[in-house]
Amino acid sequence: MHIDLRSDTVTKPTAGMRRAIASAEVGDDYLDGDPTTRRLEDQVAHLLGKERALFFPSGTMANQCAIAVLSEPGTEIYADQFAHIVEREMAGAAALSGVQIRTVRSEGPMMDATGLSRAFRPFDPYLPRATLVCLENTHNSAGGMVTPVAGLRAMHDVARERRCRVHLDGARLWNASVASGSLPAEFSEWCDTVMVSFSKGLGAPAGAILAGDDAVIHRANEVRKRLGGVMRQSGILASAALTLVAEMPEAPQLVIDRALQLIVERRRQASRSD
Ligand SMILES: Cc1ncc(COP(=O)(O)O)c(C=O)c1O
């Protein structure tokens, strides 16, 4: 058997997904709405405890729309030094939203409240103003490590003290949820917007959701259109993601993920006691 470990994005649609795709009810999502996409957006908004959600062709576009909506040109946004938006989104925050990213180094393997707090500049009319803090959970470059809800909340509190809004890149929030035993909504409670993905280790061919309050998602919809991200019969893609939402949190892929994590934890414990 050939096992491809290059990335968790190489996972392919399951038989159930392919059946859902074949029979998906579709419409024109630009003209009068695609019913399957609408169902996915409603269900994921509910799952994340947010007013509204919007389907995107990719997580990158959803992240960039969140930055555009929650920041202001000529200001600074804060993110972990190895965050996806820093390393892998082609300097999109600068190119598309006119912001500079102030990267945060923490003592541990990824951004925490202490590191974030230290990174902030003093309030000063002649220093760049901060508008947004971008979090990532699980953290891809830190090997998929999880920030528990308490850690996320602590970073939210720092952000609010500094009058910043909070975006969560939750491309793998499902994994953070299964690993920590906290519900996805318990994480998203501390964020203005949350991006979640269905194509990382879960088999869906493409697609991500951005969730937030009604006003923020209304503006994200405008930016999505500007970037050419409004799709037509998007139910073809949304139907694959919907099969996952129906299974959450018992999706077999996530159960395997938890099992692998347990193996790693046990090995760590064993090597400590040697
Ligand atoms: C943490 C994180 N955020 C965002 C993305 C972007 O997702 P997409 O490939 O759908 O643009 C990825 C992709 O791997 C990722 O790992």
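For the classes used below, Ala, Val, Leu, Ile, Met, Phe, Trp, Tyr, Cys and Pro are taken as nonpolar, Asp, Glu, Lys and Arg as charged, and the others, Gly among them, as polar. The structure is a predicted model, in which local features need pLDDT of at least 70 and side-chain atom pairs count only at pLDDT 80 or more, whereas totals for chains, interfaces and linings use all residues. Residues are numbered from 1 along each chain as its sequence is written, and side-chain values use heavy atoms, with hydrogens and water left out.

The structure holds 1 cavity of 30 Å³ or more, a cavity being a set of points, on a 1 Å grid over the protein atoms alone, where a 1.4 Å probe fits but cannot get out, while a pocket is an open set with protein on both sides within 12 Å along at least five of seven lines; lining residues have an atom within 4 Å of a point. At least two lining residues come from each of β2 (76-80), α4 (84-87), β4 (130-136) and α7 (149-161), where helices (H or I, at least four residues) and strands (E, at least two) are DSSP runs numbered from the N terminus; β4 gives the most, with 3 residues.

The second largest pocket contains about 370 Å³ of space, and of the 23 residues that line this pocket, H84, R88, N140, R172 and K200 are the closest to its centre. By class, its lining has 5 nonpolar, 12 polar and 6 charged residues. Both α3 (59-70) and β6 (193-197) supply at least two residues of this lining, to which α3 gives the most, with 3 residues.

The ligand sits in the second largest pocket, a placement that requires more than half of its atoms to lie within 2 Å of the grid points. Of the 13 residues around the ligand, G59, T60, N140, D169 and R172 come nearest, a residue being near if one of its heavy atoms lies within 4 Å. The shell around the ligand has 2 nonpolar, 6 polar and 5 charged residues, and α3 gives the most to this shell, with 3 residues.

Notes:
Grid points are joined across faces, edges and corners, and a volume is the space filled by probe spheres set on the points.
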